[in-house]
Amino acid sequence: MAFGFKLKTLQTKQAYSMQDLYEIIKDREFSAGKPELAKHGAAELIVFPPLDRNNQIRIGQGSMGKGPFSKFQVTKGEIVGMGNMAKGLALHSLTGGWSSASGVFGKNAKEGEALVVKTYEELQALGL
């Protein structure tokens with residue numbers, strides 16, 4: 001981990017599309033909350049309720065390509081979605097990057113890092 005960044009790679013026993021993985025976990029309760037399937041640019045991610053605009057737990061593909069995948073990355077970052085992406089870029093530009101500080105420092109950043117680990121462990125426990 002370096003300055004608010006935490007990444008855990010989940011290796012599954014079989015390959016899943018993001019949609020398939022979402023279908024398996026959508027009705028489960030995680031420490032990070034209830035998962036949702038979301039688009040973020042060209043990517044499809046599984047996301048959890050955000051702690052703030054800079055700290056949202058997400059599950060993404062762990063390798064390049066079209067899928068299905070047997071590696072997934074659990075991490076945290078800014079709220080996903082094209083509208084949120086544009087707002088984040090605008091705020092980042094207007095504040096010289098200081099609007100992203102809560103993603104690196106503070107209570108929510110530390111809680112987000114802990115939730116990355118906990119979500120990873122909860123996914124591993126499912127025996128995917």
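Which backbone nitrogen does the side chain of Gln56 reach, and at what distance?

Reply: The side chain of Gln56 reaches the backbone nitrogen of Val80 at 2.9 Å. This is a predicted model, in which local features need pLDDT of at least 70 and side-chain atom pairs count only at pLDDT 80 or more, while totals for chains, interfaces and linings use all residues. Residues are numbered from 1 along each chain as its sequence is written, and side-chain values use heavy atoms, with hydrogens and water left out.

A polar atom of the Gln56 side chain also lies 2.9 Å from the backbone oxygen of Phe48. Both are polar contacts (N or O pairs within 3.5 Å, one able to donate a hydrogen and the other to accept it; sequence neighbours count only if both atoms are side-chain atoms). Leaving out residues up to four places away in sequence, Gln56 touches Val47, Phe48, Pro50, Thr75, Lys76, Gly77, Glu78, Ile79 and Val80; touching means heavy atoms within 4.5 Å.

Is Gln56 buried or exposed? Gln56 counts as buried because its relative accessibility is 4%. Buried means under 20% relative accessible area, exposed over 50%, and partly exposed in between (1.4 Å probe, protein chains only).

Gln56 is found in strand E4. Strands (at least two residues) and helices (H or I, at least four) are DSSP runs, numbered from the N terminus. Of the 6 residues of E4, 5 are buried, so the strand is largely enclosed by the rest of the structure. E4 pairs with E5 in the antiparallel sense over 6 bridges, and Gly77 in E5 is the bridge partner of Gln56. Strand E3 (residues 43-47) also runs antiparallel to E4, joined by 2 bridges; there Val47 has Arg58 of E4 as its bridge partner. Strands pair if DSSP finds at least two bridges between them.

The protein chain as a whole has 3 helices and 5 strands, and 38% of its 128 residues count as buried.
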